[in-house]
Amino acid sequence: MDGLGNATDPSCLQQPPVAIDIIKNLDIFGIILYSVLTLMTLLSVLIYMEEAVYIYKKVPSPKKSAIMWVNGAAPVIGVTSCVGMWIPRSSMFTDFTAASYFAIVIYMFLVMMIEECGGDEAFLKRWGRDRLRISTGPCCCCCPCLPYAGISRRTLFLLKAGSFQFALLKTVFTILSIVLWANGNFDLADLSITGAAIWINPFVGILTIIALWPVSIIFKHVQGLLRSLKIIPKFAMYQMVLILSQLQSAIINILAMGGTIACAPPFSSQARGTFMNQQLLIMEMFIITLVTRMLYRRAYDPLDGTDEHEEDNKDNAKTLLQAGCGEDGVQSV
């Protein structure tokens with residue numbers, strides 16, 4: 001009796017169903033749900049295309065490319081989630097595609113902030129005599145005693161390289177994972193010491209933290225100047241996409257592999273967890289697409305290129321000159 005009671009439905013141990021089986025088994029609620037989520041995805045794409053045309057016409061290069069990459073994060077993740085929802089067996093590939101794209105977005109957000117300041121030259125001219133606070137998240141927020149770093153071309157290059165490495169290496173590890181999967185050596189559910197996933201995923205996590213660090217450093221430094229350009233809500237939306245696409249997915253996958261998310265034939269626990277995450281992401285990315293459109297659709301006027309230190313020096317010189325003239329007048333009397 002115990003053996004029968006603990007028997008597992010064979011479909012819970014199988015691969016996710018093919019797309020045609022999903023379509024055939026849809027009831028009225030399923031048809032409505034799939035239709036609404038697909039419509040949200042299509043609207044996200046249309047909104048992004050309209051915004052991309054606006055940015056292409058209104059924004060000079062290279063700022064326009066960075067803004068378009070950043071704006072595309074939510075629609076791309078929404079599209080990949082929608083494809084994975086309709087074709088469950090493609091979920092691993094759609095997740096890899098979304099993660100690789102967002103790795104590029106991390107680097108592009110850093111480039112966008114620098115370009116909003118006028119580019120590398122304007123950034124160095126404005127803040128060349130300042131110092132960067134490096135005790136920020138996600139790496140060193142608990143180390144306030146770290147020294148400040150001087151701003152130079154070398155510093156700017158290292159910050160860009162720190163984010164660019166993830167955009168490059170994430171793509172490399174994605175290709176490697178697909179090759180290993182095709183050879184039968186890669187399985188996200190295989191967390192044994194001999195599995196490839198247990199080695200690749202933590203290393204990618206470390207690369208992610210390293211890539212996020214330069215973005216946080218630059219944001220902390222320029223948020224005052226770019227406050228009028230709504231850089232704080234833009235950064236919040238960028239962080240929201242990161243949390244929802246990475247952390248939310250990881251939590252749901254852990255719950256599914258632990259059996260907390262029950263099997264629901266024809267979906268296994270892991271496939272059902274992925275399915276739930278995709279549905280959530282489509283709705284979340286649709287909302288973020290609407291918000292980012294409001295944030296980025298503005299007049300792209302150049303910032304005041306005057307160095308704030310130069311203004312202070314001029315004011316000080318003027319004050320000293322006036323004081324000197326006053327003393328000369330008193331002496332002449």
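**Note on buried charges and ring contacts**

1. Glu-116 counts as buried because its relative accessibility is 5%, and the cut-off for that word is under 20%. The model discussed here is a predicted one, and Lys-234 in this model also counts as buried, at 2% relative accessibility.

2. Glu-116 and Lys-234 form a salt bridge in which the closest N and O atoms are 3.9 Å apart. This pair links distant parts of the chain, since Glu-116 belongs to helix α6 and Lys-234 to helix α10, 118 residues apart.

3. Glu-116 also forms a salt bridge with Lys-63, with 3.4 Å between the closest N and O atoms; here helix α4 (residues 63-71), which holds Lys-63, is linked to helix α6 (residues 91-116), and the two partners are 53 residues apart. Lys-63 is buried, as is Glu-116.

4. The structure holds five salt bridges, and another of them joins Arg-153 to Glu-121 at 2.8 Å, N to O. Because Arg-153 lies in helix α8 (residues 153-182) and Glu-121 in helix α7 (residues 120-127), the pair ties together parts that are 32 residues apart in sequence. Arg-153 is exposed, with a relative accessible area of 52%, whereas Glu-121, with 49%, is partly exposed. Returning to the salt bridges with shared partners, these join Lys-63, Glu-116 and Lys-234 into one network.

5. Lys-234 has a ring contact as well, for it lies over the face of Tyr-296, at 4.5 Å from the ring centre.

Technical notes. Residues are numbered from 1 along each chain as its sequence is written. This is a predicted model: local features need pLDDT of at least 70, side-chain atom pairs count only at pLDDT 80 or more; totals for chains, interfaces and linings use all residues. Side-chain values use heavy atoms; hydrogens and water are left out. A charge sits over a ring if NZ of Lys or CZ of Arg is within 6 Å of the ring centre and within 35 degrees of the ring normal. A salt bridge is a side-chain nitrogen of Lys or Arg within 4 Å of a carboxyl oxygen of Asp or Glu. Helices (H or I, at least four residues) and strands (E, at least two) are DSSP runs, numbered from the N terminus. Buried means under 20% relative accessible area, exposed over 50%, partly exposed in between (1.4 Å probe, protein chains only).
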